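Please look over the sequence and the model shown here before reading the report.

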Amino acid sequence: MIVQMTVILKLEMLQDSLILEKSQNWSSQKMDHIMICCVCLGDNSEDADEIIQCDNCGITVHEGCYGVDGESDSIMSSASENSTEPWFCDACKCGVSPSCELCPNQDGIFKETDAGRWVHIVCALYVPGVAFGDIDKLRPVTLTEMNYSKYGAKECSFCEDPRFARTGVCISCDAGMCRAYFHVTCAQKEGLLSEAAAEEDIADPFFAYCKQHADRLDRKWKRKNYLALQSYCKMSLQEREKQLSPEAQARINARLQQYRAKAELARSTRPQAWVPREKLPRPLTSSASAIRKLMRKAELMGISTDIFPVDNSDTSSSVDGRRKHKQPALTADFVNYYFERNMRMIQIQENMAEQKNIKDKLENEQEKLHVEYNKLCESLEELQNLNGKLRSEGQGIWALLGRITGQKLNIPAILRAPKERKPSKKEGGAQKTSILPTVLYSCGICKKNHDQHLLLLCDTCKLHYHLGCLDPPLTRMPRKTKNSYWQCSECDQAGSSDMEAEMAMETLPDGTKRSRRQIKEPVKFVPQDMTPEPKKIPIRNTRTRGRKRSFIPDEEKHEERVPRERRQRQSVLQKKPKAEDLRTECATCKGTGDNENLVRYPS
């Protein structure tokens, strides 16, 4: 039995290879006459249901299968000299390279959902639970009515890469109790999709069967058309580019740009899609686009994804009959955060590009201003030297006039030598002052005067430093206040060494030592032998009969509440001691005396 199955599989593989070779030869010879629909894989093109081709990507589809409703009246818009209006698929109109939410395959024709995502039109037709807003035009596609537990619930039996086997939604074989599961596009590759005839009135006319239950002849015919369609789509673009004239290609590109501008405007004015209130969890591994991005990230990081095991366990079955719990990954909050983050990143990148352009312009202007500043400095030095020569000549002439007149003449202010300008605190008092005032400060490390807005002043040595020249470099300006300042690392090390030198060692009674700062005496010294005069203690106000109670303001009441000892201490501190008044001699008779018989007379 096993030998027979292996022989049958080998025969099928040989037939597929022969069909592929024949289809390539047949498609290269009959390309201009036969086209195949990428949805139903049919090659019948009638006036009522014509096969049309996208003028941008070259994909072919029936008007009825895509919901065109007679928008185009020709098979190819550039097939004749009197060309008709160009036709484009929805993905080309929006200018995107979409990824299907229901399967991992990227070939085929797509439709946009109400939430701005993309799905294959064939996946939307065959997956149960997917709805359309307009049945005739087959748009927009709605995925909210489908149960989210179907994402990643089953494993596709036809996927070549096991990492994508549980992505999207898999459908089952419609043949009774068959438990074969597969993606819609994977089944389309194998020719396993079928559709009921138009005469049959069936609510769901789309069926899918596995290899065992599908009609062999029908499957072989569809498999042949699928292979021919793939080779035709690849070769048709190259042939059409050669056949089209530059005028026709320019007309198609102009029309495509109009469609994309219109789609961008419609996307901005489109109402927000309905989102269910209940948060619907979805495994991250069920999204093919997420897996591709993670694989791309792993490739950039140098991590091999082949060493990680693939989880092939069925989440719907267990030993005790209970469903296994799986942590949610794609929640509504996460999706909203992801989109908002992308929008913020785009805005930040645009702002960064604008700021970079402004920075380049300002740097160019700064270089020009530096050149002009250097020229002005040179001319100013020449003028100052000339002014010095003229001043010395004027002083000599003025001295000659003084000798002629025989008088000492005062030198006028214009001939006096200018006073030396004292350095400001910002320029540093210890530095030598230059003739010119400092307008451009130079870095104390690199000795350059570029990036003036990134220069930081040290409050100790009064030198300027670039933030990037410091060790370690700073990313922003330090915040300075009245009680704090900033100093460079050299000044900091010098200050710390001085403080260590001032530290003295004090020996405790138990033999241990501790560091102690050397305390300086205060500037104002008050001797201890001066005793203040005793203060008279005021007598409290007593209430007497017949007298009215006087009004006491709140401030005096508050002072009365202060304890007596504290008031005495404050009065002692506030009262200054009087100097000694010694009188020893009379100003009239010049006789001796003391304080008892001498009186001070005010002058």
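This is a predicted model: local features need pLDDT of at least 70, side-chain atom pairs count only at pLDDT 80 or more; totals for chains, interfaces and linings use all residues.

Residues are numbered from 1 along each chain as its sequence is written, and side-chain values use heavy atoms, with hydrogens and water left out.

The structure holds six aromatic pairs, a pair being rings of Phe, Tyr and Trp (its six-membered ring) with centres within 6.5 Å, where planes under 30 degrees apart count as stacked, over 60 as edge-to-face and the rest as tilted. One of them joins F88 and Y259, which is edge-to-face because the ring centres are 5.7 Å apart and the planes stand at 75°. Since F88 lies in the loop between α2 (63-66) and α3 (90-94) and Y259 in helix α7 (residues 246-269), the pair ties together parts that are 171 residues apart in sequence; helices (H or I, at least four residues) and strands (E, at least two) are DSSP runs, numbered from the N terminus.

Buried means under 20% relative accessible area, exposed over 50% and partly exposed in between (1.4 Å probe, protein chains only). F88 therefore counts as buried at 1% relative accessibility, and Y259 counts as buried at 18%.

**Nonpolar cores**

A nonpolar core is a set of buried Ala, Val, Leu, Ile, Met, Phe, Trp, Tyr and Cys residues joined through side-chain atoms within 4.5 Å. The largest has 70 residues, and those with the most contacts inside it are V39, V61, L102, I109 and F182. Among the elements that give two or more residues to this core are α2, α3, α6 (216-243) and α7, whereas α4 gives the most, with six residues. Apart from this core lies another, of eight residues, among them L456 and C488.

**Surroundings of G67**

G67, in the loop between α2 and α3, is buried, with a relative accessible area of 7%. The C-alpha atoms of G67 and D136 are separated by 5.8 Å, although these residues are 69 residues apart along the chain. Not counting residues up to four places away in sequence, G67 touches D136, K137 and L138, contact meaning heavy atoms within 4.5 Å.
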